Amino acid sequence: MLDNFSTAQKNEMRLQVFLAHSGVASRRASEKIILDGRVSVNGVVVTELGTKVSENDKILVDGKEISLEETKRYVLLNKPLGYVCTQSDEKGRPVAVDLLRQKYSERLYNVGRLDMFSHGALIFTNDGDFAAKLSHPSSQIEKEYIVESSLPLPRNLAENFKKGIRVEGLFYKAQDAEELNSHKMRVVLVEGKNREIRRVFENADVAIRNLCRVRIGNIELGELKAGESRDLTKDEVKSLLDLCR
């Protein structure tokens, strides 16, 4: 998708916004990168959030110069099992974004996450505003999962998940949950706390054999095979943003 930043957007902006629009990371993740002292502006390390910069400044992240990317990308990836959702991994594990590097020259980052042992729909972008809106808790974007268990599902687990289950002091509540058969459940989340589905199933003494995200908002995984990706259409991007409102 080809949309250009306006002249106003290219004038002074907050450093974390500049990083987000340069495809470094989402705005929130960019704030941590700044606070960690990984960013320099004109040769000076900057750790203060809100610092104003422009395209005329020389901005480096981890010693590499970055610049605003005028082409905005919105990509759906079917993340395979075994891949992690980071820009790089110190343990040497496969990184999901690497599956996109040959196809896209822009620096893309994932909006939200899937753990290493889950697979399915994952959106990548270099548009910081888009990522911020989708990631904000108030967006209430639905995420649908198909969960397969090794053992038969406990009676009423789906209904209890919809009503809400407290596990080790944390409250987990699905937007919707439906038992498809004795070993398979469809789960829809809107908040998606860390490892929510896994914690609920572990609490019920049920081992998960397969966990796949099949939908994000109005974007369905469809026939996309593991490791494959496609660009979102303009209408799909607009519909996602409309859902955030």
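At 13% relative accessibility, Ser40 falls in the buried class. This is a predicted model, and Ser40 sits in strand β2, which spans residues 39-41. So what does Ser40 touch, once residues up to four places away in sequence are set aside? Its contacts are Val45, Val46, Lys58, Ile59 and Leu60.

Now for the cysteines. How many disulfides are there? The count is zero, with a disulfide taken as a pair of cysteine sulfur atoms within 2.5 Å. Cys85 is in no disulfide, and the nearest cysteine sulfur to it belongs to Cys212, 13 Å away. Cys244 is in no disulfide either; there the nearest cysteine sulfur is that of Cys85, at 19 Å. As for burial, Cys85 counts as buried because its relative accessibility is 4%, and Cys244 is buried too, with a relative accessible area of 17%.

| Residue | Relative accessibility |
|---|---|
| Ser40 | 13% |
| Cys85 | 4% |
| Cys244 | 17% |

On to helix α6, residues 196-203. Which of its residues are buried? They are Glu196, Ile197, Arg198, Val200 and Phe201. An α-helix has 3.6 residues a turn, so residues three or four places apart point the same way. The cover over the buried residues of α6 includes strands β10 (143-149), β11 (165-167), β12 (170-172), β14 (184-189) and β15 (208-216), along with helix α5 (157-163). After α6 comes Asp205, which has a positive phi, near 60°.

Note on methods. Residues are numbered from 1 along each chain as its sequence is written. This is a predicted model: local features need pLDDT of at least 70, side-chain atom pairs count only at pLDDT 80 or more; totals for chains, interfaces and linings use all residues. Side-chain values use heavy atoms; hydrogens and water are left out. Buried means under 20% relative accessible area, exposed over 50%, partly exposed in between (1.4 Å probe, protein chains only). Helices (H or I, at least four residues) and strands (E, at least two) are DSSP runs, numbered from the N terminus. Contact means heavy atoms within 4.5 Å.
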